[in-house]
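Open the model in your viewer and keep the selection tool handy. We will go from stop to stop, with a note on what to select at each one.

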Amino acid sequence: MKNRILELIKLSATNDSAYNSLESIFSLHEQLQYATNIKQVADDIFTWLNKEFKIDNMVFSLFDINKNTKEEILTKGEEFYLDDDFSHFFIINTHTSLNATLSFSVSSKVHHKIIEDKYPMIEAAFFQVSPIVQSAILKKNYIESSSLDSVTNVYNRNYLIENLTTHLRLSNNKQNEIYFLMIGIDHFKAVIDEFDYDIADKVLIELAKVIHSNINEFDMVGRLNGDEFLVSILNHTSEYQVEQLAKKIISDFAEVAILVNEERKQYLKKTICIGFEIYKLNSDITITECIKNADIALYEAKNKGRSQLFKFSELSAEDTIDLF
């Protein structure tokens with residue numbers, strides 16, 4: 001693809017079309033330098049393809065050569081299949097184990113012919129912006145390695161609290177309340193004792209999936225330690241709605257069957273308890289103290305049995321709080 005860009009440079013001296021192509025490519029290059037993450041890079045590339053070639057659908061993914069896995073970063077427009085006659089596929093080589101793959105589909109034979117004729121320009125553009133894509137991938141990997149739990153791919157404790165603090169600062173006091181759900185697996189140690197850490201990790205991963213399937217994109221999940229997850233509900237909703245959400249997470253997870261022995265077709269079902277606390281803006285209690293309260297509520301929930309929800313506000317003098 002290096003030859004493509006060199007060829008355009010040579011032609012641009014006498015060919016207006018080649019000159020215009022170069023101008024467009026460097027315009028894309030300049031735009032991508034302002035992108036703050038890989039998703040924005042993908043979105044800017046789609047905008048460029050749409051403007052230059054009337055492309056209205058695209059899939060931008062990262063393909064891990066070592067793991068042979070693919071992660072979709074951005075999907076635009078209607079679904080299409082790569083084996084269609086009108087589909088096109090490109091690889092942006094980033095000289096890392098992760099290459100960016102980009103595919104789209106055209107709308108007609110005439111459109112297909114236009115793209116075929118413009119292939120050199122598209123390939124030259126992707127060659128030119130590949131260092132920016134590489135930089136965005138490296139940044140993504142660094143952020144994820146420092147902020148995500150390695151087993152469940154949810155946030156770790158420090159990153160979650162840091163983001164909550166940032167969220168409150170940026171909300172300009174519009175966020176009056178944050179609902180905290182502290183989630184713990186009932187008798188989690190028994191899983192490790194009876195099986196092993198690999199099965200325990202499977203249980204944690206399935207719980208993370210159930211949590212994510214019940215919350216929206218604005219809510220955040222963090223794994224604090226062991227079997228405990230903290231969910232922060234950030235959207236403007238009522239205490240009753242969050243309580244119902246917590247009950248649904250409890251009931252959904254109780255239905256999950258985790259394969260522990262493929263030969264014997266042996267499955268494991270576990271239950272969870274949840275502690276519930278509310279952080280109110282401008283109150284005397286800090287976010288950290290609210291998280292501790294949610295942890296206390298979880299402890300009391302587990303004292304009451306399996307699949308229990310307990311609200312810290314309902315803690316009474318009769319409740320025993322002995323965490324040590």
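Start by selecting C273: its relative accessibility is 0%, so C273 counts as buried (buried means under 20% relative accessible area, exposed over 50%, partly exposed in between, with a 1.4 Å probe and protein chains only). Next pick C290, which also counts as buried, at 2%. The structure holds 0 disulfides, a disulfide being a pair of cysteine sulfur atoms within 2.5 Å.

A word on what you are looking at: this is a predicted model, in which local features need pLDDT of at least 70 and side-chain atom pairs count only at pLDDT 80 or more, while totals for chains, interfaces and linings use all residues. Residues are numbered from 1 along each chain as its sequence is written, and side-chain values use heavy atoms, with hydrogens and water left out.

Now select helix α10, residues 287-303. Helices (H or I, at least four residues) and strands (E, at least two) are DSSP runs, numbered from the N terminus. The 17 residues of α10 should span 24 Å at 1.5 Å a residue, and the end C-alpha atoms are 25 Å apart, which agrees; the expected span is 1.5 Å times one less than the number of residues. Among the buried residues of α10 are C290, N293 and E300. Just after α10, click on G305, which takes a positive phi of about 125 degrees.

Move on to H88, in strand β3 (residues 87-92). H88 counts as buried, at 2% relative accessibility. Show the side chain of H112 too: a polar contact of 3.3 Å joins it to the side chain of H88 (a pair of N or O atoms within 3.5 Å; within protein, one must be able to donate a hydrogen and the other to accept it, and residues adjacent in sequence count only if both atoms are side-chain atoms).

Which residues tie β12 to α9? Select K311 in strand β12 (residues 309-311) and E239 in helix α9 (residues 239-254). These two form a salt bridge, with the closest N and O atoms 2.8 Å apart (a side-chain nitrogen of Lys or Arg within 4 Å of a carboxyl oxygen of Asp or Glu). The pair ties together parts that are 72 residues apart in sequence.

Last stop: helix α7 (residues 188-194), where D193 and K189 lie 4 residues apart, about one turn of the helix. Their salt bridge has its closest N and O atoms 3.0 Å apart, and both residues are exposed.
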